[in-house]
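User: I would like to learn how to read charged pairs and the nonpolar core in a model such as this one. Could we go through them step by step?

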Amino acid sequence: MALTAGARRRWHPVLRFAILVAMLGAFGLLLLVAPPDLRAIPDAVDRLGPFAPVAAVGVGAALLIVLVPRTLITVAWGALFGPLGGAGYTLAAAFLAALLGFGIGRWLGRDFVLERVRGRLARLDGWFTRQSVFGVITVRLLPIGGFGLVSYGYGTTGARLAPYLVGSVIASTPSAFGYAAIGSAVVSPGSINWFAVAPASFGLFATAVIIWRWRRSGGPSRRRSDPPAPR
């Protein structure tokens, strides 16, 4: 029996959200049964020559999109391109992956979330909608999920694109330099640049301060001045 236009409109968000959930589940399963083998990357970098940086950004973004941990990618890129090059290419890949993940999450999941959030979830969605760059940095630094998963999740909220992208890159910067320096030191133990590691120390301090402020404020909880959520 053919679905009416109204029924199709109701089911389309459900179908898209189901595709999003299935896709994330498939990525997670693939990561468990067939983790990426980074041993072949050095030979590929040598073959690509001057195009290796472009490939590093593209491959890094693709790996982040399929939920490969950013730490693993950053260490590998640091070993291949040095602390500064590895950090720079990883940050470019993080920006691209953040944009793609957000776009996919917005297209597949936003309508479903918007139609069904109520009560506290509606207030949480409102908090993401009003979120500043600092709010995005806070979420990115909290241990609540991998880089790719958080990117998809942000797309399903009402978050604005510009603060989200800026906050994502800023939050990724300290650890990018730190882990890239570690990766570089693995292949060249005597060449570690402590100036490259310094941002990671700042990142640890900033993370501690942000988590403390988050816990003190109660996170995106409802304030008494907030209007009641629509029913």
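User: Which kind of link do the side chains of Arg-110 and Asp-125 meet in?

Analyst: Bear in mind that this is a predicted model. As a general idea, side chains of opposite charge can pair when their charged atoms come close. Here the side chains of Arg-110 and Asp-125 meet in a salt bridge, with 2.8 Å from N to O. Arg-110 belongs to helix 4 and Asp-125 to helix 5, so this pair ties together parts that are 15 residues apart in sequence.

User: Are Arg-110 and Asp-125 buried or exposed?

Analyst: Both Arg-110 and Asp-125 are buried, which means that each has under 20% relative accessible area.

User: How many salt bridges are there by this rule, and which residue forms one with Arg-16?

Analyst: The count comes to 3 salt bridges. Arg-16 pairs with Asp-111, their closest N and O atoms being 2.4 Å apart, and this pair links distant parts of the chain, since Arg-16 sits in helix 1 and Asp-111 in helix 4, 95 residues apart. Arg-16 is buried at a relative accessible area of 18%, whereas Asp-111, at 34%, counts as partly exposed. Another salt bridge joins Glu-115 to Arg-116, where the closest N and O atoms are 3.1 Å apart; Glu-115 is partly exposed, with a relative accessible area of 40%, and Arg-116 is likewise partly exposed, at 37%.

User: Turning to the core, which residues have the most contacts inside the largest nonpolar core?

Analyst: The largest nonpolar core has 33 residues, and those with the most contacts inside it are Trp-77, Tyr-152, Tyr-154 and Tyr-164. Elements that give two or more residues to this core include helix 1 (5-33), helix 5 (119-129) and helix 8 (161-187), while the largest share, 9 residues, comes from helix 4.

User: Which residues does Tyr-154 touch, not counting residues up to four places away in sequence?

Analyst: Setting those sequence neighbours aside, Tyr-154 touches Phe-102, Arg-106, Phe-128, Gln-131, Gly-135, Val-136, Val-139, Ala-159 and Tyr-164.

User: How many helices and strands does the protein have, and what share of its residues count as buried?

Analyst: The protein has 9 helices and 0 strands, and 39% of its 231 residues count as buried. Among contacts with a separation of 6 or more, 81% are between residues 24 or more positions apart. As for the surface, the protein exposes about 13200 Å², of which carbon and sulfur atoms supply 69%.

How values were computed:
Residues numbered from 1 in each chain as written. Predicted model: local features only at pLDDT ≥ 70, side-chain atom pairs only at ≥ 80, totals over all residues. Heavy atoms only, no water. Core = buried A, V, L, I, M, F, W, Y, C linked by side-chain atoms within 4.5 Å. Buried < 20%, exposed > 50% of the residue type's maximum accessible area, 1.4 Å probe, protein only. Helix = DSSP H or I, 4+ residues; strand = E, 2+ residues; numbered from the N terminus. Contact = heavy atoms within 4.5 Å. Salt bridge = Lys/Arg side-chain N within 4 Å of Asp/Glu carboxyl O. Areas by Shrake-Rupley, 256 points an atom, 1.4 Å probe, with all protein chains shown as cover.
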